[in-house]
Amino acid sequence: MKRSTRIERLAEYYEDFAPDYVSTWKDIQHYDKLVRAFLREAVAGEARVLDAGCGPGHLTRDLPPSVDVVGFDIAEAMLAIARKKRPHGAYHQHDYHLPIPRAWGRFDVVLALGTLEFCDDLGLVLANLAGALRPGGRMLVSIVERRPHVRMHQRAARPLSDVELSGVSMYLYTFAEQTEAIQRAGLLPRSYRLHPGWRHTEYDVDVLYALWDLEAPRRSR
Ligand SMILES: C[S@@+](CC[C@H](N)C(=O)[O-])C[C@H]1O[C@@H](n2cnc3c(N)ncnc32)[C@H](O)[C@@H]1O
């Protein structure tokens, strides 16, 4: 399926999911605490934070008002909720397979959490996100790690759902593919940890996240 068709289907899926997303997510996710700890450490004062695939904006909506939050997502209904909950934030419809618009400015912190499972070219997407970081800026991303010997990991892409969303894949990346993509994006790893991401109730499995804390080089490249 063409990327554009897949993204349209995914956007429709998340449009419908938007009103119930936070209440459902609370019960199935395992990474919220790690994100909040990262934000406490990395975000201060009048920092600028970009939340990629922000959904309804719940990960960054409670940051202090002095913090400039910009979120983007492909699903307009998600963005509408985000705008309502943090009216002084800025929320845009955008696909991370495309470069981040220059007009949004540069950011101290970029998040891409719970969303890169839909990215079909990790190197390209990390480079797009890295392009929005100021030198020395930080990025926290979750990537579904592929371990070929583990159940459900035999293929690099598998349907997100067999019942709800035909033709839309989730993408898994081996550790080697992740490090290659990080390098290609010109990012420096600060830390890596494997952590359960969320409960895939249909497949009865915890999706395994690689959580990377990354940094943009301090000198311009
Ligand atoms: C599982 S939700 C994650 C929301 C939030 N970041 C979190 O961790 O709870 C995935 C979000 O990624 C968005 N998304 C999927 N593909 C995207 C793309 N190519 N560009 C931007 N957002 C995308 C979806 O619309 C959805 O809102």
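**Ligand site and cysteines**

Cys 54 counts as buried, at 4% relative accessibility (buried means under 20% relative accessible area, with a 1.4 Å probe and protein chains only). Cys 119 is in no disulfide, and its nearest cysteine sulfur, in Cys 54, is 17 Å away. This is a predicted model: local features need pLDDT of at least 70, side-chain atom pairs count only at pLDDT 80 or more, and totals for chains, interfaces and linings use all residues. Residues are numbered from 1 along each chain as its sequence is written, and side-chain values use heavy atoms, without hydrogens and water.

**Cysteines**
- The whole structure holds zero disulfides (pairs of cysteine sulfur atoms within 2.5 Å).
- The gap between the sulfurs of Cys 54 and Cys 119 is too far for a bond.
- Cys 119 is buried too, with a relative accessible area of 0%.

**Ligand shell**
- The ligand is surrounded by 24 residues (a heavy atom within 4 Å).
- The closest are Tyr 21, Tyr 31, Asp 73, Leu 113 and Thr 115.
- Helix H1 (3-17), helix H2 (21-28) and strand E2 (68-73) each supply at least two shell residues.
- H1 gives the most, with three residues.

**Ligand contacts and burial**
- A polar side-chain atom of Tyr 31 lies 2.5 Å from a ligand oxygen atom.
- For Tyr 21, a polar side-chain atom is 2.7 Å from an oxygen atom of the ligand.
- Tyr 96 places a polar backbone atom 3.1 Å from a ligand nitrogen atom.
- Taken alone, the ligand exposes 600 Å², and the protein buries 97% of that (Shrake-Rupley method, 1.4 Å probe).

Conventions: Buried means under 20% relative accessible area, exposed over 50%, partly exposed in between (1.4 Å probe, protein chains only). A polar contact is a pair of N or O atoms within 3.5 Å; within protein, one must be able to donate a hydrogen and the other to accept it, and residues adjacent in sequence count only if both atoms are side-chain atoms. Helices (H or I, at least four residues) and strands (E, at least two) are DSSP runs, numbered from the N terminus.
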